[in-house]
Amino acid sequence: MNYDLIVVGGGVTGSALAGRMVRNGVRVLVLERETQFRDRIRGEALQPWGVAEARKLGIAQVMEEGAAELRWFDQIINGERGMRRDLIATTIPAEPMWGFFHPEAQEKLLTWAAAAGADVRRGTAVKQVLPGPRPGVVIGAAGRSEEFEARLVVLCAGRNPALRSELGFKVRRGSIPLLLSGVWLNGLSTEVDPSVAYVANDVTTGAVAALFPQRGDRARAYFGFHPQACARLQGIGDFARFRQMFTMTAGKAIPFGDAKPAGPLASFECADVWVEHPYRDGVALAGDAASSSDPSWGQGLSLALRDARVLSDELLAGADWDAAASRYAERHDTDYGVVRKVTGWFHDLFQRLGPEADARRARALPLIAQDPTRVPDVLFSGPEVPLAASSRARFFGDDSEVAAAQL
């Protein structure tokens, strides 16, 4: 059987794309390796601009059923709360953040796509992707191989799919020397406000601690650290050390309490990994397969939904899918490039170590406290936020306003 679209990977990106396309009359095959989604400590805080993308994709109701609405954002610096921000009132999308359990969202979205009419095959290993004017895939199951053709193949198969390299896409990597650990918690303290996203930065160590409540008494906790300051946190045996380091960074501003791990504990590199122009010869990359943003800034899910929405918009706009996929790739490069640029600025201000970074913070943070508009709102409002030539200088306190005031 042939299809219009073959989606490799039935996670959040793949299911959102497949469901929207099949609801518009497109014949879609989804190939998912896992028979049951499990906790891989993926992103579980969807930014306001990502929530807006979910609404445009038509998946908001599916995701919202299992999500906690995080209207408020607490920014904590060196253990002291710097601000509490109303995200609905102050972001361009006028949306909250959502906190949810990633495997549950994957399952709901894949079920939604199948109910809409997508042909979903689980427990299926993709052996090869065949590029060309009529691209296809070769799958292996039960000791035999099958081949399927389509007008377009989209890889949504996670951060480091081997298929991407086999197809000749050139992968680029950033060099941020930071690790981010995460663990799913239950038994939260009653002091935790379930409508607040908590993020704490210790600018003296470059560490970050974050807590994103979910439905019930559960939450995802993250702790980001420089390897020279903390040995890698890996496995539940390191949970006591995770709690200690988290509390040292957040102080009493994030009430960790007696919460217990409800899933695995692991650490991951924070370097950006991306492909420029993620489309060639009938095969497109989307989600983490196209670009994985530094996870310590929580942009991955929003970028993934943006990919699914932009690609589906382009494909549904006309018959020339080769041109449509190229336009998607160009838009992806622009959007991801803005996010990568701004998260790099945030790393320099909040996480980079050394005398130069200390001097930058001493100059910038008091100015930001006086005028929060100095902070580019890309991370909450999305990559459409205008970045003027002076945006970086204003963020770091190197702008002409400061120079004029010092005269």
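Contact means heavy atoms within 4.5 Å. This is a predicted model, in which local features need pLDDT of at least 70, side-chain atom pairs count only at pLDDT 80 or more, and totals for chains, interfaces and linings use all residues. Numbering starts from 1 along each chain as its sequence is written, and side-chain values use heavy atoms, leaving out hydrogens and water.

**Overall form**
- The protein chain holds 13 helices and 22 strands, taken as DSSP runs (H or I, at least four residues; E, at least two).
- Along the principal axes, the C-alpha atoms fill a box of roughly 70 × 50 × 40 Å.

**Burial and cores**
- Of the 407 residues, 57% are buried, meaning under 20% relative accessible area (1.4 Å probe, protein chains only).
- The largest nonpolar core has 67 residues; such a core is a set of buried Ala, Val, Leu, Ile, Met, Phe, Trp, Tyr and Cys residues joined through side-chain atoms within 4.5 Å.
- Leu-5, Ile-6, Val-28 and Val-137 have the most contacts inside this core.
- Beyond its neighbours within four places in sequence, Leu-5 touches residues including Leu-17, Val-28, Leu-152 and Trp-321.
- A second, separate core has 27 residues, among them Ile-76, Leu-185, Val-192 and Phe-223.

How values were computed:
Buried < 20%, exposed > 50% of the residue type's maximum accessible area, 1.4 Å probe, protein only.
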